[in-house]
Amino acid sequence: MSGFMKENKQIRLSTRLLMMLTVSMGLLFAHSCATESKEVIIEQKVETLLAKMTLDEKIGQMTQIRHFDEFTAQDIISGSVGSIIHTDGPTPGNTAEEWQARFIELQKQAMDSRLGIPLLFGVDAIHGQNTFEGATIFPHNIGMGATQNPELVKEAAAITAIEMQATGFNWTFSPCISIPYNEKWGRVYEAFSESTSLTRKYTKASVEGHQGNLADKTTVMATAKHYVGDGSTEYGKEGGNTSLSIQEVSKRLLPPYREAVNAGIGAIMVGFNDLSGISMHAHKPLITDTLKKRMGFDGIVVTDWKGYSRFGKNDVINAGVDMVMAVDGDMKPFQEGLKAGVEKGEVSMARIDDAVRRILRQKFRLGLFEHPFPDTTLTSKIGITEHRDKARQAVRESMVLLKNDDKTLPIPKDVGKIVVVGEHANNTGLQSGGWTIRWQGVSRNYDGATTILEGIKEMANGAVVYDSTGTGQHTDAKWAVVVVGEKPYAEFFGDIGDERGTCSLTLTEKHKKYINAYSGKSINTVIILISGRPLVVTNEIAESDAFVAAWLPGSEGAGVAEVLFGAYNFTGKLPHSWPVSVDDFNGKYGPNFWNKNANPLHEIGFGLSYPDFR
């Protein structure tokens, strides 16, 4: 080929690449312009609507109540309510259709109001639509953090959004993006990891999965929580004091919130904790100056439970909170107190308008003015095989192998007799933890879920016997799978040392006896730990032939067995450092990598696998 021909070919290739680049840039520019144009239109609609509103209607938009609180249809028709939530208590119905029907009824009342402003419907769907029995329940976030798979986190969030919409909701109070400093805290399992960098990745994935195209009827508005420092309190106390310096807060705790804001998150919930003695609900420098102004967050800042009455009333609004959980008798005191505050000049109308503007903005972004009601066809999507398969994948990828002496695992399918030990092996409520069906979880099997025992029976070719109470009567077994762990708990009931709960850093004596019934008796002993946090199990690990941290796997317990029998390899890695002894918790914080004096049994990121797996 002549030099001229080569040069001519290079020119043609360069021209083609330039044209392709130009087209791509043009499409990107067009998309950007369309997005900006849409936002401009939304802002115009918000300002037009805001100008028509009375003070009472504005305060109504700032009001969030439960669907079973004491209120009348007239309260909604008059514009006195902006959002409805479902919490622990009476359910909206027995079926998904009945749940939707209840919320459609309330939405119709809102659309009959003077200005026809639709309601937001919120729920704590933190590992699936966990308030509806029969929904797909994923591993809690600590398990999702162990997967090292942000794409899986995104897919789980998208499935959760579909099943939420199928039950009538458009707003989830998830994800929890705390950075736990002490495993004594009762909400460790709600967070992804003690690592800021990992939490940033999972935050982005979760927000994108939940929200997608926000106006689509299969997506929901997400909420990052609990702003900020709730997991970093001294001694792991729920609602305690976070004494980190503002520099440490900025470096370690705020990056996931910046990630959430950059991903377009619709809401942020403030925490119960204090930060250096100042309630986060009333922390104006961090809410208004840092979150809203410096980070550019333009969504809704919402209180946690009864946040207005508990943390300073109108100081909470002046700090920058936009919507109040006026639940459990708080509706009237909040509305009357805020109105009086405005009339007395204690709260400016500009602050009220900022709050309402943010609420209306999100309602327009969700497309609720055009499509206020849930898609009734989505009820058939709840708990479908496709969703459960994805949850089972999450279970498999979340499991962390801490010990595997002499290749005890995987268990051969034709091994002969296997004994499965402990109530956690055959109870989907126990394996799922708190925030499952009920606020504090349940201790029974619930609809649609599979147990670890069922999974083992499905995988094994030989006899499988169940010893629920660790009698030790099956010493002729070749393998013993002993499933031990924590009972379900949520929030302060899970704080270790809180008199209202019963949690401990160690296993109960009963569960230790389960292990002793089979370990050291020429039986391959595999211990499966079901827990919402790393526990002090140094002795139990030593007594086992293989030890697995399975966290709180959710509804698809059978996925545990698929890895135990080698259908899949272990890929999970510790999202937290693992303690050696209870002495690791004598100080303010646990043995995590923020603690320079820590010497954990296993560092974050540890996890074994089958070396010759094919």
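This is a short tour of a predicted model, stop by stop, with something to select at each one.

**Stop 1: helix α6**

Select residues 150-165, which make up helix α6. Its 16 residues reach 23 Å from the first C-alpha to the last, close to the 22 Å expected at 1.5 Å a residue. Now colour the buried residues, among them Leu152, Val153, Ala156, Ile159 and Met164. Thr160, Glu163 and Gln165 are on the buried list too. What do the buried residues of α6 pack against? Show α4 (96-111), β3 (120-123), α5 (141-146), β4 (171-172), α7 (196-211) and α15 (385-398), and you have the set.

**Stop 2: helix α13**

Move on to residues 331-343, helix α13. The end C-alpha atoms are 18 Å apart, which agrees with the span its 13 residues should have at 1.5 Å a residue. Select Met331, Phe334, Gln335, Leu338, Gly341 and Val342, the buried residues of α13. Turn the view so you look down the axis: these buried residues fall within an arc of 135°, so they line one face of the helix. On the other side, pick out Lys332 and Glu343, which are exposed. Just after the helix comes Gly345, with a positive phi of about 80°.

**Stop 3: the cores**

Nonpolar side chains tend to be buried together in soluble globular proteins. Here the largest nonpolar core has 70 residues. Select Leu409, Ile411, Ile418, Ile528, Leu564, Phe565 and Phe570, the ones with the most contacts inside it. Zoom in on Ile418: leaving aside residues up to four places away in sequence, Ile418 touches Ile411, Ala460, Ala463, Val464, Val465, Ala477, Trp479, Val481 and Phe565. There is also a second, separate core of 67 residues, and you can find it by selecting Ile42, Ala96, Ile352 and Ile382, which it includes.

**Stop 4: the rings**

The structure holds 18 aromatic pairs. For one of them, show Trp439 and Phe492: the ring centres are 6.0 Å apart and the planes sit at 70°, so this pair is edge-to-face. Trp439 is in the loop between α16 (428-432) and α17 (452-459), and Phe492 is in the loop between β15 (479-485) and α18 (509-516), so the pair ties together parts that are 53 residues apart in sequence. Trp439 counts as partly exposed, at 23% relative accessibility. Another arginine, Arg310, lies over the face of Phe272, at 4.5 Å from the ring centre. Then select Trp99, Phe103, Phe121, Phe132 and Phe169 together, and you'll see one aromatic cluster.

**Stop 5**

Most peptide bonds are trans, and most residues other than glycine have a negative phi. Where are the exceptions? Pro410 lies in the loop between β12 (400-404) and β13 (418-421). Tyr227 and Val228 are also joined by a cis peptide bond, with omega about -15°. Val228 is in the loop between β5 (223-227) and β6 (241-242). Tyr235 lies in the loop between β5 and β6, and its phi is positive, near 60°.

Finish at Lys306, in the loop between β10 (300-302) and α11 (307-310). Lys306 has a positive phi of about 55°. Is this residue buried or exposed? Lys306 counts as buried, at 16% relative accessibility, whereas Tyr235 is partly exposed, at 43%.

Note on methods:
Residues numbered from 1 in each chain as written. Heavy atoms only, no water. Helix = DSSP H or I, 4+ residues; strand = E, 2+ residues; numbered from the N terminus. Buried < 20%, exposed > 50% of the residue type's maximum accessible area, 1.4 Å probe, protein only. Expected span 1.5 Å × (residues − 1). Contact = heavy atoms within 4.5 Å. Phe/Tyr/Trp six-rings, centres within 6.5 Å; stacked < 30°, edge-to-face > 60°. Lys NZ or Arg CZ within 6 Å of the ring centre and 35° of its normal. Core = buried A, V, L, I, M, F, W, Y, C linked by side-chain atoms within 4.5 Å. Arc of directions from axis to C-beta.
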